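Please open the model in your viewer and keep the sequence panel beside it. The stops below say what to select next and what is there.

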Amino acid sequence: MKMEGNQTAKGVRVMTENPLNAETPPIYLRSWITANSVFFDRNQNALMESPIDIADWRLTICGEVEKEVELTFDEILRMPKATVANTLECSGNGRSLLAEKAKGNPWTIGGVGNAVWGGVWLKDVLQQAGLRESAKHVSFEGFDKPAGSAGIKFIRSIPIEKALSSTLLAYEMNGEPLPLKHGYPLRGLALGWTGANCIKWLSRITVLGKPFEGFYMDKVYRIFQKDQEPRTGEVVAGIPLKSIITQPLVSEKLPAGPVVVLGAAYGGEAGIKSVEVSTDGGQTWRSATLIGPNELYAWRQWQYIWDAQKSGVHTLMARATDNAGNRQPETARWNVLGYCNNGFRGHAVTVEIV
Ligand SMILES: Nc1nc2c(c(=O)[nH]1)N[C@H]1C(S)=C(S)[C@@H](COP(=O)(O)O)O[C@H]1N2
Ligand SMILES: [Mo]
């Protein structure tokens, strides 16, 4: 089976090499599909150097189930297949655009990408094991190398409702086998939820009577303030409503005349209703046109034709509204780990008309 390795493509902005954390440059965020070769990378641990031998791989389903099940990769391939477009975003995306600095990788806008994923529904896999009445949460465990000398494994859980309604186990990404650095051979995808709920290199799924307790559940991926215990903060779940400008680029110099402003808007489980654009730093707003495919869990592309006549520096902003009536905030609420920055002011793009 042909499969991509761990190489990072040219132009991708590497923030740390080991573990690999790299963001997609804006020009590659202009298409509806984000190519696998430039898709962002977010890893807590060192990447494995070579793929597991598929014949040795097993997925174990255990915990609050009627009977423990172990599936081979072939058995997964023989199950009914689902193909779903889903935008994946790291909860730290946009962190470096916060007015007050927060700890973590300095993502700008490129900790996000959209792909068409092929796989099986988690609910179909859970059905084979049979849920007990006590089933409340489902935890996912990756077989990546545990972090630090304490050997902390990447394990996180999601509520049973999400697991049964809209969680995919993906073995295919944009028509190719899941690339090694994106979780080969199988990853979880809680559709419309942030990346931390989408565990790569899956090996074990445990049905639990309550949320999993551990480092990656209780110390990080929570929204908390400086004087607050992390585990009392909210767990990151759904992708916050947001719009990004992918064209023109920050600080780009453009000739006077029509400027095609392009972007993408996304908000997890609620589809995008509208996007507005300001070309005067947020004083006045005009409607953008939604373009491209419209799929529930995927971002929506938009464009706005700006007739730029005045020379000088201009500040462009975009703000989205979703189908549930939520509006993107002007400024996101700061938190210690800088998660979920969806403030439209911080995402402004300043350009010069010459
Ligand atoms: N096993 C495992 N799964 C993981 C992670 C990890 O470090 N290990 N990182 C998570 C985070 S924080 C994000 S944002 C996404 C990133 O997925 P990608 O690297 O395929 O873009 O994977 C998630 N799944
Ligand atoms: Mo993430």
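This is a predicted model: local features need pLDDT of at least 70, side-chain atom pairs count only at pLDDT 80 or more; totals for chains, interfaces and linings use all residues.

## The whole chain

Residues are numbered from 1 along each chain as its sequence is written, chains are lettered from A and ligands numbered from 1 in the order in which they are written, and side-chain values use heavy atoms, with hydrogens and water left out.

Colour the chain by secondary structure next, and it comes to four helices and 24 strands; these are DSSP runs numbered from the N terminus, helices being H or I with at least four residues and strands being E with at least two. The chain is as compact as a globular protein of its length, because its radius of gyration of 21 Å is close to the 20 Å that the globule rule gives for 354 residues. That radius is taken over C-alpha atoms, and the rule is 2.2 Å times the number of residues to the power 0.38. If you turn the model along its principal axes, the C-alpha trace spans about 70 × 50 × 40 Å.

Switch to a surface view, where the chain exposes about 15,300 Å², of which carbon and sulfur atoms supply 51%; accessible areas come from the Shrake-Rupley method with a 1.4 Å probe, and for residues only the protein chains shown count as cover. Buried residues make up 55% of the 354 residues, with buried meaning under 20% relative accessible area, exposed over 50%, and partly exposed in between.

Select Leu 59, which is found in strand β4 (residues 59-63) and counts as buried at 0% relative accessibility. Leaving out residues up to four places away in sequence, Leu 59 touches a set of residues including Val 69, Leu 71, Ile 76, Val 125, Leu 186 and Ile 205. For a distance to draw, take Leu 59 and Ala 99, which are 40 residues apart in sequence and 43 Å apart in space, C-alpha to C-alpha.

Val 125, one of the residues that Leu 59 touches, leads on to helix α2 (residues 122-129), in which Leu 122, Asp 124, Val 125, Leu 126 and Ala 129 are buried. Just after α2, look for Gly 130, which takes a positive phi of about 80°.

Move to Thr 87 in strand β6 (residues 82-89), a buried residue with a relative accessible area of 2%. Among the residues that Thr 87 touches, not counting those up to four places away in sequence, are Val 112, Asn 114, Ile 239, Tyr 266, Tyr 297 and Trp 299. Thr 87 and Ala 348 are 261 residues apart in sequence, and their C-alpha atoms are 21 Å apart in space.

Ile 239 is also on the list for Thr 194, which touches Glu 89, Ser 91, Val 236, Ala 237, Gly 238, Ile 239 and Pro 240, again not counting residues up to four places away in sequence. Thr 194 is found in the loop between β12 (187-190) and β13 (202-208), and its relative accessible area of 0% makes it buried.

## Backbone details in the loops

Which two residues does the cis peptide bond with omega of about 10° join? They are Tyr 184 and Pro 185, and Pro 185 is found in the loop between β11 (176-177) and β12. Another cis peptide bond runs from Gln 247 to Pro 248, with omega near -5°, and Pro 248 is found in the loop between β16 (242-247) and β17 (253-254).

Select Asn 174 in the loop between β10 (167-173) and β11; although it is not a glycine, Asn 174 has a positive phi of about 50°, and with a relative accessible area of 21% it is partly exposed.

## Last stop: the cysteines

Cys 340, in the loop between β23 (312-322) and β24 (349-353), has a positive phi of about 60° although it is not a glycine. Taking a disulfide as a pair of cysteine sulfur atoms within 2.5 Å, the count comes to zero disulfides. Cys 340 is accordingly in no disulfide, and the nearest cysteine sulfur, that of Cys 90, is 9.5 Å away.

Notes. Buried means under 20% relative accessible area, exposed over 50%, partly exposed in between (1.4 Å probe, protein chains only). Contact means heavy atoms within 4.5 Å.
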